[in-house]
Amino acid sequence: MAARRALKAVLVDLNGTLHIEDAAVPGAQEALKRLRATSVVVKFVTNTTKESKQDLMERLKKLEFDISEDEIFTSLTAARNLVEQKQVRPMLLVDDRALPDFKGIQTSDPNAVVIGLAPEHFHYQILNQAFRLLLDGAPLIAIHKARYYKRKDGLALGPGPFVTALEFATDTKATVVGKPAQTFFLEALRGTGCEPEEAVMIGDGNTEQQMKKKLIQLLT
């Protein structure tokens, strides 16, 4: 049996794990301090498409999380990277607050569709415009396909159902760039010097108690 490789990196999800909207998860700051006291590399990953990276940083600062911008990798960054790689002009179906992360990207006369969480834009006219672009051969890039996400007032529909509707209507398959796509985690680990088998992920699929239990296991 191959020896288990030492843990060198921890990827920590943000919304739903460290915080829910403008409220920190109880005990999250202290758990993060304990994790940072170890020798592992800590990176933060998020599928949020509701706000730019700068807005996210301001939110985390207000919640007194000691996190630097270069420690965060977002699905918006992954989407921008793919848009630049493919050299396409996207129709951006994202929240207006996320648009700064696409600054400089040409969007006139779109020939691709990028879709994230955009409640204000998920209506028939806009979705039909995306539908017609896809019928004309435009690629569909999904920032992620989460079925739902956590808000202070409970669960809410994520972008997944809308991505799936466009896939079904156009008989096409979206390229997913956010969690849980393998490429997302590989990009997040880039520059850490760690191999995937030397890293673990802590995400919001866990309850608060499960999160604390995982951190305690890592720290003892």
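E21 lies in the loop between β2 (19–20) and β3 (23–24). Strands here are DSSP runs of E with at least two residues, helices are runs of H or I with at least four, and both are numbered from the N terminus. E21 is not a glycine, yet its phi is positive, about 55°. Its relative accessibility is 21%, so E21 counts as partly exposed. The classes are buried (under 20% relative accessible area), exposed (over 50%) and partly exposed in between, with a 1.4 Å probe and protein chains only.

D109 also has a positive phi without being a glycine, at about 50°. Its place is the loop between β6 (90–93) and β7 (112–115). D109 counts as exposed, at 60% relative accessibility.

## Model and confidence

This is a predicted model, in which local features need pLDDT of at least 70, side-chain atom pairs count only at pLDDT 80 or more, and totals for chains, interfaces and linings use all residues. Residues are numbered from 1 along each chain as its sequence is written, and side-chain values use heavy atoms, with hydrogens and water left out.

The protein chain averages a pLDDT of 88, and 90% of the residues score at least 70. pLDDT is the predictor's confidence in each residue, from 0 to 100. Over residues 206–220 it is below 50; beyond near neighbours in sequence, this stretch has 23 contacts in the model. A contact means heavy atoms within 4.5 Å. Where pLDDT is low, the predicted coordinates should not be read in detail.

## The parallel sheet

An open sheet is formed by 4 strands in the order β5-β4-β1-β12, with parallel pairing. β5 (72–74) and β12 (199–202) stand at the edges with a single partner strand each, so one side of each has no neighbour in the sheet. The twist averages 25° from one strand to the next. Two strands pair if DSSP finds at least two bridges between them.

Strand β1 (residues 9–13) and strand β4 (residues 41–46) run parallel and are joined by 5 bridges. V10 stands opposite V42 in β4. Helix α2 (residues 53–62) lies across β4 and β5, at about 135° to β5. Axes are lines fitted to C-alpha atoms, for helices over the stretch in contact; angles run from 0 to 180 degrees between N-to-C directions.

## Salt bridges

The count comes to 10 salt bridges. The criterion is a side-chain nitrogen of Lys or Arg within 4 Å of a carboxyl oxygen of Asp or Glu. R80 and E84 form one of them, at 3.1 Å from N to O. Both lie in helix α3 (residues 75–86), 4 residues apart, about one turn of the helix. E84 is partly exposed at 40% relative accessibility.

R97 pairs with D95, the closest N and O atoms being 3.1 Å apart. R97 is partly exposed at 43%, whereas D95 is buried at 13%. R151 and D153 meet at 3.0 Å, N to O. R151 is partly exposed at 33%; D153 is exposed at 61%. D22, E51 and R59 are linked in a network of salt bridges.

## Prolines

The peptide bond from K179 to P180 is cis, with omega near 5°. P180 is found in the loop between β11 (175–176) and α6.

P196 sits in the loop between α6 (182–189) and β12. P196 is partly exposed, at 40% relative accessibility. Leaving aside neighbours within four places in sequence, P196 is in contact with L186 and L189. K8 is 188 residues from P196 along the chain, but their C-alpha atoms are separated by 9.6 Å.
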